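Here's a quick briefing to read with the structure open beside you. Take it topic by topic and find each spot as you go.

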2 protein chains.
Amino acid sequence: MCTFASYSASSSSSPPPHQESSPRPSPFMSPTTTIGAKGRAEAPAQAQFQPLLPVQSPVPSDIAIAQSITPQHISKIAEQLGLKADEYDLYGTTKAKVKLSTRDRLKDSPMGKYVVVAGITPTPLGEGKSTTTMGLCQALGAYLKRKVVACVRQPSQGPTFGIKGGAAGGGYSQAFPMEDFNLHLTGDIHAITAANNLLAAAIDVRMFHEAAQKDEALFNRLCPADKEGKRKFAPVMLRRLEKLGIHKTDPSDLTPEEVRRFARLDIDPTSVTWKRVLDINDRFLRKITTGQGPEERGQTHETGFDIAVASEIMAVLALSSDLADMRARLGRMVIGNNKAGEPLTADDLGVGGALTVLMKDTIEPTLMQTLEQTPVLVHAGPFANIAHGNSSIVADQIGLKLVGQDGVVVTEAGFGADIGLEKFMNIKCRASGLKPDCAVIVATVRALKMHGGGPPVVAGTPLHHDYTNENVELVKKGCCNLERHIKNTTRYGVPVVVAINQFASDTQAELEAVKQAALESGAAAAAVCNHHGLGGAGATDLGQAVLEACSKPSSFQFLYDVQLPIKAKIETIAREMYHAAGVEYLPEAEAQIERYTRMGFDKLPICMAKTQYSFSHDAAQKGAPSGFVLPIRDVRASVGAGFVFPLVGSMMTMPGLPTRPAFYDIDVDLETGKITGLS
Amino acid sequence: MCTFASYSASSSSSPPPHQESSPRPSPFMSPTTTIGAKGRAEAPAQAQFQPLLPVQSPVPSDIAIAQSITPQHISKIAEQLGLKADEYDLYGTTKAKVKLSTRDRLKDSPMGKYVVVAGITPTPLGEGKSTTTMGLCQALGAYLKRKVVACVRQPSQGPTFGIKGGAAGGGYSQAFPMEDFNLHLTGDIHAITAANNLLAAAIDVRMFHEAAQKDEALFNRLCPADKEGKRKFAPVMLRRLEKLGIHKTDPSDLTPEEVRRFARLDIDPTSVTWKRVLDINDRFLRKITTGQGPEERGQTHETGFDIAVASEIMAVLALSSDLADMRARLGRMVIGNNKAGEPLTADDLGVGGALTVLMKDTIEPTLMQTLEQTPVLVHAGPFANIAHGNSSIVADQIGLKLVGQDGVVVTEAGFGADIGLEKFMNIKCRASGLKPDCAVIVATVRALKMHGGGPPVVAGTPLHHDYTNENVELVKKGCCNLERHIKNTTRYGVPVVVAINQFASDTQAELEAVKQAALESGAAAAAVCNHHGLGGAGATDLGQAVLEACSKPSSFQFLYDVQLPIKAKIETIAREMYHAAGVEYLPEAEAQIERYTRMGFDKLPICMAKTQYSFSHDAAQKGAPSGFVLPIRDVRASVGAGFVFPLVGSMMTMPGLPTRPAFYDIDVDLETGKITGLS
């Protein structure tokens, strides 16, 4: 059992849900070492790889490095990856959207190895999971000469301008150009925002118009007569009719009762769970009242905004297999229920098709490159705490086909393995049918010291000297966190490789302690990496360990049977992954579970909304806590995405800005046109 | 004096601010005629031009036409226009962003003729201004063999899913593919939304943090000490220091009084005029209360959302000459004032640079094409009623350089000439220094009948038979509206050509009446056009008339001296353009004018926010009303955009959705992947 540091977030600048920034070590110029499964330190394996990048010490800022290297034209990257000219659309010279026709063309080709990168429970500074993903791919591609694709998530612009800065990796392991990666990209999150908010507007305005009109007037407006007095149903209306069991195609044939049932959604305003979103850290939108204008006739609603990447539509994007699947999922998203307690969908509101049209281009992943010109597919969004937080199924599938039999796809799961990886295994792999060949768990000495009882690590304030001076005991105590993540992950039947993301202040004894703990906990291998300081050359050991792990037999299995009742699934995750002693449901959660079960939404997997800072619901509980009772405050059904979404404790779904947001440093150099201050 | 029809908008589906959809005439297969300045009907001039497009009768739906024609790869369009390969970035195969370096390269080249397209006071169905712009360019380019560029505005997605449908023109005169044109385009409006709302979040959170912290704590957070205990100012902070007259660069040198003045913005919450925006018709966001969450500690704000294209940032985009100018304008946008009454800017909040970074790519216009493969530059946004509503200065400049001496740029001004064209002349041309060679005013028999006293024209309901049967008297009476627009426009010293956008039900006698009235009112020429049914072949007479008008000498002049006081400028527009008898200022407007004058913002041009449906403030006053008193309800200063913004009567800045929004018809054909139901 570990010592737990007491940790509390600054109340005046609530921490963003996403805190996966890369650490900023100086390069550790001595060659890194690997420890094999037998636990003996091997000779430095890496001396043979000289960095191909012009690395400097100390490591310059991320943006300075990114801007000092000229990216390849993205069509070259596409060509080297095996894409045909009509299989991608350029978005400038450094981004391209890859068409799903690629996957169709390669449907009979063998797939590469499938590697998922997760992490230990992070500090608010992040442990370099994205950096490790990039470094590993640079190692595999540029040094170990494997065909490789990194599949990562598009960052939210909220934290970019808030506390975190960008999310493209760091040091000499980055997806770049970072300004393209971090800002707008190819517009997927903007499309999600537009679609999410169109649905929100449709809900409110439907209640408004229904309140003002009798059944027939409502029906006449929904199915207006044309010049010849003929009415017809829009195709989306046929979906609602089918759901209602009305098998008629001519509006004139409906009975008055059918007219009423069709036209009047009768939305229960207290049941509406659909919120608006923005990709901005705007805490003043967390809780608002809308409809206060005189034209809205007193129909006010208490509601709020979430950060856009937490939208169910982001999860739909991540989990859709193609456009038809996306259309179906968007149409069946449940926004609440009618006064009789029946669920109401986007298609009931007539907007499922329009949402798909808004989202049409987002189904295509965006191709970018690392600093060492290996391909990166950017798709879907972050925040594995308040959302699903995994990159998309289609990006992984396209990548696996493109790299082929000897190649590797490295896909990133958000935050600690208790949330991001658990969702990867039980939601994403269940939806895709893909099975990972290896899981990489990223650990840092810094985070393990915190888990061992080190003082709080707070973004924006200097680190305590415990973190900058050797303290092997603290590291050893904190390894309980790593141990649990490894054991949890091996339960899925997948070999685990631990990537120790090395910082300049880490000592050999500290690194050794981590390696020993990793191997004793069942990891197939553990590799110290310095890809931040050296690029791919600093992660070739990790690359070799991953290749070796991938060659081992694996026996993938889910954690739970999706047919179990909602509570049984929640309790399995709580017990097996978090080591909770029990689960406590607040009345609202009980009521929703009962409601969703009645509606038939109980056969979906579970997407826990839980803090990333602890195995438990309490961010202050570091290490490997157990014996706690997990509180389920509320439960949502994301029927379109395809999961049930329990809210564990008080999870903030809209971050705030601190007193000095990151935007203070961000500007354009008007001489060169280059962006400054992004990190 | 005309008869005025009484007109009232449906209260349950408030009309969108933007209603410029193209009419849907069948092609008028007889050759069209032109009347020269002497008023004699000339022989059909157009028989020589056979349509190059495979035109059908009746005219299919806009999307059916657009999807039946294969667009050229946009790089071909770019090449034909004279763009070099490194002067544009592809966004897929049908869109490209054009770099400002093009303008720099051609800085010594001669410019083409500059034609602005405006309209008479429209019906809610729109009179086909965008369609005429496309048809005119197709005529000039594909038939009259001039190098031509159409400069149009990116449509708002709000009306696309609301009442209006798309805005790419119509029939055989379109910018296409219409799904690209109408949805997302290259992300400019999304960037505006992101920037606008980042500023809004920055305002609220600054008030929040200032309320919680004393001067020194605030300063310490804004300028934190690094590891060596050294502080420094971010570059954007130096702008604030300069404004405050504090000429110091080391934070440690500031006196406590200077610390207070620098760190404490002391925002007066009642003065904040900056609202949030979404590109959605979401009436429930018109008036809201924010900050109701417990963490916001009771700091609630009454505020609201506008439609995104009404953001000041859209006007900044439209009026900026380059990135440096955009940076300066974004930084000096005024969001309200401090409790001492001094204006506060985006740069005071430290966010001007970040806004520029978000907006960086938007400075480049998007190249598309018409159905007859002439180039179109899409840039900036619509809504000349509640916004500036003109396409951008840089697009016009790039176009004028690219077409060269014998070429033509046709740029579109929103809505009727009383608002869109007036702003084009007095705001846009003042900022750009460009002078138009010709103004085209688009008129329809339908709208003129309405102005002559015809019954209300309401979107979504069948037209009264007055509009489908001949009624020459009604047309003649309504020509008072056209007459006034022509006379208003000739005041600017620019020749006027009237484009009569012909509908299938228009009779020869009705068209004749319009032509006569146009020429008697001082138009240089009037041409009946059927570009909707025939493409450019239907607008060659108009093209020839425009070329002839452009060859005449013009003597461009502004309507008012920008150095006049605010009220004098407002009153000049009210008297000379609207024919108001006087102007009445509500107390709030008086107070703001006084405040802005004191702050030194009185030397800016005026951007009236007025209904598009009448010369007056009252949409029901059709024809050419006079003698009314114009009510100024409030006044805003858009200091970054560079204009003062009086609100005339009650202008809605966020549209609503009707009972049956356009989104009901919009879907994806899952077989073909094509979009259906856009119009």
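**The big picture**

Of the 679 residues in chain A, 68% count as buried. Keep in mind that this is a predicted model. Below you'll find the overall build, then how the copies relate, and then some individual spots worth a look.

**Overall build of chain A**

- Chain A has 23 helices and 24 strands in its secondary structure.
- For 679 residues, a compact globule would have a radius of gyration near 26 Å, and chain A comes in at 25 Å, so the two agree.
- If you box up the C-alpha atoms of chain A along the principal axes, you get roughly 85 × 55 × 55 Å.
- Take the contacts in chain A with a separation of 6 or more: 77% of them are between residues 24 or more positions apart.

**Surface and charge**

- Chain A has an accessible surface of about 21,300 Å², and carbon and sulfur atoms make up 51% of that.
- There are 69 positive and 71 negative charges in chain A, and their mean positions sit 2 Å apart.

**Two copies, one axis**

- In general, a rotation about an axis and a shift along it relate two copies of a chain.

**A helix tucked inside**

- Helix H12 of chain A covers residues 323-332, and seven of its ten residues are buried, so the rest of the structure largely encloses it.
- The buried residues of H12(A) are Leu323(A), Asp325(A), Met326(A), Arg327(A), Arg329(A), Leu330(A) and Gly331(A).
- What do they pack against? Within chain A, the partners are helix H9 (235-244), helix H11 (312-319), strand E13 (343-345) and helix H13 (352-359).
- Chain B joins in too, with strand E23 (667-668).

**A lysine to locate**

- You'll find Lys487(A) in helix H18 of chain A, which spans residues 472-490.
- Lys487(A) is partly exposed, because its relative accessible area of 42% falls between the 20% and 50% cut-offs.
- Lys487(A) and Leu198(A) are 289 residues apart along the chain, and their C-alpha atoms are separated by 44 Å.

**Cis peptide bonds**

- Phe176(A) and Pro177(A) are joined by a cis peptide bond, with omega about 0°.
- Pro177(A) sits in the loop between strand E7 (173-176) and helix H6 (178-182) of chain A.
- In chain B, a cis peptide bond links Ser57(B) to Pro58(B), with omega about -5°.
- Pro58(B) belongs to the loop between strand E1 (34-35) and helix H1 (62-68) of chain B.

**Positive phi without glycine**

- Ala380(A) isn't a glycine, yet its phi is positive, at about 65°.
- Look for Ala380(A) in the loop between strand E15 (375-378) and helix H14 (393-403) of chain A.
- Is Ala380(A) buried or exposed? Buried, because its relative accessible area of 2% is under the 20% cut-off.
- His184(B), also not a glycine, has a positive phi near 65°.
- His184(B) lies in the loop between helix H6 (178-182) and helix H7 (188-212) of chain B, and it counts as buried at 14% relative accessibility.

Note on methods
Residues are numbered from 1 along each chain as its sequence is written. Chains are lettered from A and ligands numbered from 1 in the order in which they are written. This is a predicted model: local features need pLDDT of at least 70, side-chain atom pairs count only at pLDDT 80 or more; totals for chains, interfaces and linings use all residues. Side-chain values use heavy atoms; hydrogens and water are left out. Helices (H or I, at least four residues) and strands (E, at least two) are DSSP runs, numbered from the N terminus. The radius of gyration is taken over C-alpha atoms; the globule rule is 2.2 Å times the number of residues to the power 0.38. Buried means under 20% relative accessible area, exposed over 50%, partly exposed in between (1.4 Å probe, protein chains only). Contact means heavy atoms within 4.5 Å. Accessible areas come from the Shrake-Rupley method with a 1.4 Å probe; for residues, only the protein chains shown count as cover. Lys and Arg count as positive and Asp and Glu as negative; His and the chain ends are not counted. The place of a charge is taken as NZ of Lys, CZ of Arg, CG of Asp or CD of Glu.
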